Structures are given as structure tokens and as C-alpha cells.
Amino acid sequence: MSQDPSASSPPLAPKSPRDTTSLSPWARQMRQLGLYFAGAGFMAASVAVSRRAVVRRQLEAMPKFYVSNRNPIKVDSSERSLLAVEALGLATLNVTSFGILLLGGTSWAFDLCSVEELRQRTRAALMKPGLVNPEDEKELERMMESLMERLGMEKPEKPSKEEAARKE
């Protein structure tokens, strides 16, 4: 009485760190939500950094108590450049953190754990046969031809097989 070795199945563990198809539903969801919560934490940190920078700049713009307000504050052009670089850095940080948050939420919503899963689903969707019935296509062509005749437009000629082969 011997057992078939193929009848026993290995435990549900991923074959490699990139293989996520054999993960349990709970592990898949935790992996997806991990990216979402990392993005949320990164977003909160970037908002805090941006808020702190804006408050610091606002406090710098306030005149000191015993300073005359008749003389305009002279701003050096190098300070403007540094301000622009800082603003660009903060904007980049905020957009990146929002992108990570969006990516995590999208991966959870579409039940994706890896880029390979996204590729597989995209290929499957692209290889699916069309939902258009060929008879409906011919009927639409007939309707368009009659419409073009009523409007006095010329009917476009269908390319011959030789011309179609040349274009490809």
C-alpha cells in the first residue's frame, strides 16, 4: 500500500518572496493594507513637515516688536531661490506620499499583491474575446453607409488585401 507522492500537497507558503498567489486571504489583505497604512503614515509625516515649514516662514515674515514698519523688508534673490527649492521639495514629498497612499488603496481595492499579478490580470483582460457581435458590426456599417448616402458623402473604399499587407 504505497501512497502517490503527487497526492500530498505542500503547505500554503509562497514559493519565493515574489510569489503571492498562494498566500491566504488574510495574509494577502495584510500585505495590501500594509502599503496603504505606510502611505497614510508617510502622508501624515509629510503634512506635518509642510505645516511646520509654513508656520516657520510665517513667523519669519512678522516684523520684530521694536522695528519700524516704514522701511520695506529687503529680500535677497538667493533667499527667493532657496524658498522655491524648499517649496518644490515639500510639494514633491506631499505628492509622493499621496501616491504611495493611493497605490496601497488601489492594490487593496483590486486585490493585487504584486506587479506580476497586475500583469497577469491585464493580459487576461486583453486576450478576452471581444464583446461585439460581428452581425451587429455589419448592421452598423449598413446604417452608416445609408446615412452617408443621404448626406451626399462618398463611401470610403475598403483597402485591398495587398494594401493592408503592405501597411502591416
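**Entry 1**

I began with Met144, which lies in helix α4; helices (H or I, at least four residues) are DSSP runs numbered from the N terminus. The model is a predicted one, in which local features need pLDDT of at least 70 and side-chain atom pairs count only at pLDDT 80 or more, while totals for chains, interfaces and linings use all residues. Residues are numbered from 1 along each chain as its sequence is written, and side-chain values use heavy atoms, with hydrogens and water left out.

I looked up the accessibility of Met144 and found it partly exposed, at 41% relative accessibility. The classes are buried for under 20% relative accessible area, exposed for over 50%, and partly exposed in between, with a 1.4 Å probe and protein chains only. Areas come from the Shrake-Rupley method.

Patch members have over 30% relative accessible area and no salt bridge; nonpolar side chains (Val, Leu, Ile, Met, Phe, Trp, Tyr) are joined within 5 Å, like charges within 9 Å.

**Entry 2: negative patch**

I then listed the residues of a negative surface patch: Glu154, Glu157, Glu162 and Glu163. Asp and Glu count as negative, Lys and Arg as positive, and His and the chain ends are not counted. The charge is placed at CD of Glu.

Glu157 sits in the loop between α4 (134-151) and α5 (161-167). Glu157 is exposed, with a relative accessible area of 76%.

**Entry 3: salt bridges**

I counted 8 salt bridges, each being a side-chain nitrogen of Lys or Arg within 4 Å of a carboxyl oxygen of Asp or Glu.

Glu86 pairs with Arg56, the closest N and O atoms being 3.0 Å apart. This pair links distant parts of the chain, since Glu86 is in helix α2 (residues 77-109) and Arg56 in helix α1 (residues 25-61), 30 residues apart. Arg56 is partly exposed, at 37% relative accessible area.

Glu86 also forms a salt bridge with Arg57, with closest N and O atoms 2.7 Å apart. Arg57 lies in helix α1 and Glu86 in helix α2, so the pair ties together parts 29 residues apart in sequence. Arg57 is partly exposed, at 32% relative accessibility.

Within helix α4, Arg142 and Glu139 are 3 residues apart, about one turn of the helix. Their salt bridge has closest N and O atoms 2.7 Å apart. Arg142 is partly exposed at 48% relative accessibility, and Glu139 is partly exposed at 37%.

Terms used
Areas by Shrake-Rupley, 256 points an atom, 1.4 Å probe, with all protein chains shown as cover. Helix = DSSP H or I, 4+ residues; strand = E, 2+ residues; numbered from the N terminus.
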